[in-house]
Amino acid sequence: MPNFDPELVQVMRHALDEIMKKVPLEYATQATKAHLAECILKSAAQGQTSYDALMAAAADQIQTVLTLFS
């Protein structure tokens, strides 16, 4: 597992908090949050470390989350 510096961890946390605001309330569960966090972690591990890139990676998965957890 990659070692992320504290600044990147903060960016990832912020992206996760913001993307959860875009998830419909009835789907905003711990499972959804964990799935989106995993997407963000994978993106960061692949070198996408900007806030916008992490948000885009997670946003791309919202529809998948709605299908998985409905």
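Is Ala-15 buried or exposed? I started the notebook with that. Ala-15 has 0% relative accessibility, so it counts as buried. I am working from a predicted model.

**Entry 1: Ala-15**

I placed Ala-15 in helix α1. Next I looked up its contacts, leaving out residues up to four places away in sequence. Ala-15 touches Ile-40, Tyr-51, Leu-54 and Met-55. I then checked one distance. The C-alpha atoms of Ala-15 and Met-55 are separated by 5.6 Å. Along the chain these two residues are 40 residues apart.

**Entry 2: the whole chain**

I stepped back to the fold. How many helices and strands does the protein chain have? I found 4 helices and 0 strands. From the N terminus on, the order is α-α-α-α.

Then I looked up the overall dimensions. The C-alpha trace spans about 35 × 20 × 20 Å along its principal axes.

**Entry 3: surface and charge**

I noted the accessible surface of the protein chain at about 4600 Å². Carbon and sulfur atoms hold 53% of that surface. Of the 70 residues, 33% count as buried.

For charge, I recorded 5 positive and 8 negative side chains. The centres of the two sets lie 5 Å apart.

**Entry 4: the core**

Nonpolar side chains tend to be buried together in soluble globular proteins. I looked for such a set here. Which residues have the most contacts inside the largest nonpolar core? They are Met-12, Ile-19, Leu-36, Ile-40 and Leu-54. The core has 17 residues. Helices α1 (6-20), α2, α3 (51-59) and α4 (62-68) each supply at least two residues of it. Helix α1 gives the most, with 6 residues.

Leu-36 is in contact with Leu-16, Ile-19, Met-20, Val-23, Ala-58, Gln-61 and Val-65.

**Entry 5: helix α3**

I listed the buried residues of α3. They are Ala-53, Leu-54, Met-55, Ala-57 and Ala-58. What do these residues pack against? They pack against α1, α2 and α4.

I picked out Ala-58, which sits in helix α3. Its relative accessible area is 0%, so Ala-58 is buried. Not counting residues up to four places away in sequence, Ala-58 touches Ile-19, Leu-36 and Ile-40. I also took a distance to Gln-30. Ala-58 and Gln-30 are 15 Å apart in space, C-alpha to C-alpha. In sequence they are 28 residues apart.

I went through helix α2 (residues 30-45), where Thr-32 has its place. Is Thr-32 buried or exposed? Thr-32 counts as buried, because its relative accessibility is 0%. Beyond four places in sequence, Thr-32 touches Met-20, Val-23, Tyr-27, Val-65 and Phe-69.

Ser-43 is also found in helix α2. Its relative accessible area is 10%, under the 20% cut-off, so Ser-43 is buried. Ser-43 touches Gln-48, Leu-54 and Ala-57, again without residues up to four places away.

**Entry 6: the segment before α1**

Pro-2 lies in the segment before α1. At 40% relative accessibility, Pro-2 counts as partly exposed, because that value falls between the cut-offs of 20% and 50%. The C-alpha atoms of Pro-2 and Leu-41 are separated by 9.3 Å. Along the chain, Pro-2 and Leu-41 are 39 residues apart.

Asn-3 lies in the segment before α1 too. How does Asn-3 count at 80% relative accessibility? I logged Asn-3 as exposed, because 80% is over the 50% cut-off. From Asn-3 to Ile-19 I noted 23 Å in space, C-alpha to C-alpha. In sequence, Asn-3 and Ile-19 are 16 residues apart.

Definitions and conventions: Residues are numbered from 1 along each chain as its sequence is written. Side-chain values use heavy atoms; hydrogens and water are left out. Buried means under 20% relative accessible area, exposed over 50%, partly exposed in between (1.4 Å probe, protein chains only). Accessible areas come from the Shrake-Rupley method with a 1.4 Å probe; for residues, only the protein chains shown count as cover. Lys and Arg count as positive and Asp and Glu as negative; His and the chain ends are not counted. The place of a charge is taken as NZ of Lys, CZ of Arg, CG of Asp or CD of Glu. Contact means heavy atoms within 4.5 Å. A nonpolar core is a set of buried Ala, Val, Leu, Ile, Met, Phe, Trp, Tyr and Cys residues joined through side-chain atoms within 4.5 Å.
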